[in-house]
Amino acid sequence: MKKLVNLIRGYVDMEVTGAFPERLLNLCAQNRLQFWKLCWLDETSFTFRIHLQDRKRLDELAQRSMCEVKEKSRRGAAVVAEGIVRRRWGFVAGLAFCFLAVSFLSRFLLVIEVTGNETVSTAVILSQLQRVGVKPGAYGPSILEREAANEALLGLPELSYLAINIYGTRAEVVVHEAEKKPDLLDETIPADVVAKADGVIEHIHATTGQAMFQDRDIVAKGEVLITGDLDLKEPLYGTVDLGYLVVRAAGTVTARTWRTLEETIPLTGQGKVYTGEERTGYSIKFLWMDLDFLQNSSISGGRYDKITETEQLALFGRPLPVWLTTTTLKGYTLEERAIDQEEAAVRLEQVLSLRLEELMEANQGEVLQADFVTREKDGCLTVTLLAECREEIGRTVERE
């Protein structure tokens with residue numbers, strides 16, 4: 001073990017010559033200068049080893065004892081390091097600079113990870129965090145995690161909890177989304193349940209108020225289905241009219257309805273014809289620096305499609321604060337051309353089906369049967385959707 005320590009610290013083989021060389025040994029012992037491997041060559045000279053760091057001290061003691069010392073060889077890790085520093089100082093300086101740069105840059109945030117969000121987008125959360133100073137390139141030790149989290153939470157009412165945990169160059173943001181509060185109805189405001197579509201009632205149920213129709217009755221849009229006026233019945237043999245009690249009507253009215261939706265599209269229009277002219281540019285965003293290699297260039301003629309793709313680079317599966325954006329410009333011209341009638345009809349049918357689906361979802365209904373009617377007139381194609389549905393047709397209308 002001692003040999004390994006001496007090898008790491010480095011040592012020097014010395015040869016000592018003098019009239020009284022033992023005086024040097026006595027001075028080394030008095031000054032606690034360690035030496036070993038002592039070998040006498042004759043009465044006036046000997047060799048021994050000392051640590052590399054005691055080399056200058058040995059010269060001072062040799063002058064006091066009137067001895068001459070001669071260095072024979074140097075060995076050990078410290079000697080190798082000293083040689084590297086002397087011969088390749090540029091490499092050592094660069095290595096030292098790298099260590100300093102790493103130790104300094106490791107105190108800046110490079111990656112921000114958001115977990116726990118489902119309906120609130122990560123981009124919205126990162127934008128709010130940027131406003132409070134938590135962003136790539138921010139100095140980590142200067143961020144007060146709890147204060148920054150509370151300030152960011154004030155700007156995000158959709159969240160009930162937000163915590164920021166900083167681990168070196170990575171900031172972990174944990175969020176919990178708030179539960180949506182139900183809308184509270186003011187029961188003191190009188191209202192009626194009114195039909196929002198024509199139909200045949202299949203089932204009507206009044207939880208508050210009085211139903212004005214029965215099952216299998218036909219109703220028109222705007223008619224009052226459940227009124228908020230309750231006739232107070234007089235007691236038996238009573239002679240005084242008690243009048244009406246006005247309440248907020250509520251209930252469900254399920255009816256069979258017939259919906260008609262229509263869309264029109266011209267059969268001629270301007271279409272894109274790509275010229276084949278294409279340009280691709282790149283831009284890099286690193287922390288707060290943006291390098292744009294496209295330099296806002298464009299394609300002659302002024303008409304082109306701009307396709308942008310942004311990708312965050314990663315190293316060994318960990319995201320880096322480097323975003324590469326590829327922008328492709330494709331030139332085109334416009335020309336008048338006819339639209340395929342069958343293709344246009346299919347497109348309009350898809351649009352109408354989507355509208356009907358959204359309508360049924362809003363009204364808690366279902367489609368029983370649907371048919372499409374297509375007609376062409378004055379260079380336009382019209383598609384009509386005729387649908388038989390079952391849906392909730394009642395809506396609450398407050399009284400003035």
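A: A helix here is a DSSP run of H or I with at least four residues, a strand is an E run of at least two, and the numbering of helices and strands starts at the N terminus. The model is predicted. By that assignment, the protein has 8 helices and 22 strands. Helix H1 covers residues 2-9 and includes isoleucine 8. Isoleucine 8 has a relative accessibility of 52% and therefore counts as exposed, since the threshold for exposed is over 50%. Together with Met1, Leu4 and Val5, Ile8 forms a nonpolar surface patch whose accessible area comes to about 430 Å².

The protein has 400 residues, of which 31% are buried. Among contacts with a separation of 6 or more, 64% are between residues 24 or more positions apart.

S6 and strand S7 (residues 170-177) run antiparallel and are joined by 8 bridges. Within this pairing, isoleucine 166 has alanine 171 in S7 as its bridge partner.

Alanine 163 belongs to strand S6. With a relative accessible area of 14%, alanine 163 is buried, because the limit for that class is under 20%. Leaving out residues up to four places away in sequence, alanine 163 touches Ala149, Glu172, Val173 and Val174. Valine 173 is 10 residues from alanine 163 along the chain, and their C-alpha atoms are 5.7 Å apart. As background, side chains in a regular strand alternate between the two faces of the sheet.

Other strands pair elsewhere in the chain. Strand S9 (residues 199-208) and strand S15 (residues 250-266) run antiparallel with 7 bridges between them; here isoleucine 201 stands opposite alanine 255 in S15. S15 also pairs with strand S21 (residues 380-392), again antiparallel, through 13 bridges. In that pairing, leucine 261 is opposite leucine 385 in S21.

S21 is also reached by a side-chain link. Glutamate 366 and arginine 390 meet in a salt bridge, with an N to O distance of 2.7 Å. Glutamate 366 is in strand S20 (residues 366-377) and arginine 390 is in strand S21, so the pair ties together parts 24 residues apart in sequence. Glutamate 366 has a relative accessible area of 39% and is partly exposed; arginine 390, at 25% relative accessibility, is also partly exposed. Glu366 and Arg390 belong to a salt-bridge network that also includes Glu202, Arg256 and Glu388.

The whole structure contains 18 salt bridges. One of them joins the side chains of arginine 49 and aspartate 13, at 2.6 Å from N to O. Arginine 49 lies in strand S3 (residues 45-51) and aspartate 13 in strand S1 (residues 11-18), so this pair ties together parts that are 36 residues apart in sequence. Arginine 49 and aspartate 13 are both buried.

Arginine 347 forms a salt bridge with glutamate 343, and their closest N and O atoms are 3.6 Å apart. The two residues are 4 positions apart in helix H8 (residues 341-362), which means that about one helical turn separates them. Arginine 347 is partly exposed at a relative accessible area of 39%, and glutamate 343 is partly exposed at 46% relative accessibility.

How values were computed:
Residues numbered from 1 in each chain as written. Predicted model: local features only at pLDDT ≥ 70, side-chain atom pairs only at ≥ 80, totals over all residues. Heavy atoms only, no water. Patch = residues over 30% accessible without salt bridge, like charges linked within 9 Å, V, L, I, M, F, W, Y side chains within 5 Å. Areas by Shrake-Rupley, 256 points an atom, 1.4 Å probe, with all protein chains shown as cover. Salt bridge = Lys/Arg side-chain N within 4 Å of Asp/Glu carboxyl O. Buried < 20%, exposed > 50% of the residue type's maximum accessible area, 1.4 Å probe, protein only. Pairing = 2+ DSSP bridges. Contact = heavy atoms within 4.5 Å.
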